[in-house]
Amino acid sequence: MSPTFSLIAPASFTRPDVLEQAARALQSFGIAVRFPDRLQDQRHYLAGSVEHRIQTLYDAYADPDTDAVWAVRGGYGCAHLATEIDWSRLSRKPLIGYSDLSVLLDQCHRHGLPAIHGPVMKEGVKLASDDADLRTASHRDFSALLGLLEGRSPESVALTPVSTVSAAAIEGPLVGGNLATLASVAGTSLAFRAPPGAIVILEDVGEPYYRLERDLWQLVHSGALDAAAAVCIGTFENCVPYGDLEIETLFETWIAPRGLPLYAGLPVGHGRDNLPWRYGSKARIASDRLQFLD
């Protein structure tokens with residue numbers, strides 16, 4: 001039996017017609033979503049006040065008839081909630097999303113709650129896209145998401161080594177997410193800190209390279225990666241390069257001096273592919289492949 005998802009809008013506002021299109025496409029795929037009576041109460045570019053967004057979150061976790069809590073989109077605003085949530089009120093349903101959700105996924109992990117870094121609900125529209133390649137990729141990602149909820153791990157994926165310290169296998173918790181989001185909470189109570197031995201995934205969208213470098217510098221010098229064992233670069237969709245500077249070179253400039261192995265080519269982020277994974281789950285890098293162990 002397919003799971004049923006409680007929807008939340010913890011960040012930016014989404015046009016209702018987009019959500020309706022996504023819900024229809026997901027229903028055709030066999031995924032049921034449950035809209036609360038008042039999912040959004042638009043305030044400027046946000047889906048509602050902090051109080052409204054938190055109450056919707058509490059209601060979603062309290063619903064006895066749903067299996068997971070799914071963000072309709074990211075955008076901006078999740079950090080507002082993370083400092084105010086009473087985590088003891090949340091059940092053990094997994095929270096699903098990415099991008100601005102990175103801060104909530106990280107906080108869920110810190111509070112011992114399950115979370116999945118994966119497609120947001122509104123991306124269900126891709127399942128009905130006129131682009132056959134996009135439909136195929138979306139079908140694969142949503143199928144993998146359902147697999148995670150059924151207890152199955154994704155298949156291993158090939159990585160491209162950018163700089164390696166040794167040929168030894170690396171094993172540790174899988175964490176990270178959106179670079180700009182994680183950099184933005186440095187110096188706050190929500191600051192991201194990779195657990196000892198962690199494999200850190202980073203991705204972003206729509207940022208010129210100088211902003212990516214600023215965010216990466218901020219993350220590195222905040223100590224966020226001090227205990228990490230490796231960094232994996234996801235997709236950097238529509239990020240404007242400077243001349244012939246490549247994203248791998250930009251990352252290597254700040255990661256290599258820390259003695260951290262750096263890998264690229266991970267199909268995670270805002271591009272066509274967004275492979276879902278359990279936040280904080282154990283993973284292994286060996287023979288230039290990322291293996292999901294649980």
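Is Asp 17 buried, exposed or partly exposed? Hold that thought for a moment, everyone. What we have here is a predicted model.

Asp 17 pairs with Arg 15 in a salt bridge, where the closest N and O atoms are 2.8 Å apart. And the reply to my opening question: Asp 17 is partly exposed, at a relative accessible area of 30%.

Let's stay with charges. Side chains of opposite charge can pair when their charged atoms come close. In this model the count of salt bridges comes to 12. One of them links Glu 207 and Arg 211, with 3.8 Å between the closest N and O atoms. Here Glu 207 counts as buried, at 15% relative accessibility, while Arg 211 is partly exposed, at 34%. Another joins Arg 272 to Asp 273, at 3.0 Å from N to O. Arg 272 is partly exposed at 43%, and Asp 273 is buried at 16%. Salt bridges with shared partners also tie Arg 34, Asp 63 and Asp 65 into one network.

Last stop, Pro 261. You'll find Pro 261 in the loop between α8 and β11, and it counts as buried, at 9% relative accessibility. Its C-alpha sits 4.9 Å from that of Ala 230, though 31 residues separate the two in sequence. Pro 261 also touches residues including Ser 163, Ile 170 and Val 231.

Terms used. Residues are numbered from 1 along each chain as its sequence is written. This is a predicted model: local features need pLDDT of at least 70, side-chain atom pairs count only at pLDDT 80 or more; totals for chains, interfaces and linings use all residues. Side-chain values use heavy atoms; hydrogens and water are left out. Helices (H or I, at least four residues) and strands (E, at least two) are DSSP runs, numbered from the N terminus. Buried means under 20% relative accessible area, exposed over 50%, partly exposed in between (1.4 Å probe, protein chains only). Contact means heavy atoms within 4.5 Å. A salt bridge is a side-chain nitrogen of Lys or Arg within 4 Å of a carboxyl oxygen of Asp or Glu. Lists of a residue's contacts leave out its neighbours within four places in sequence.
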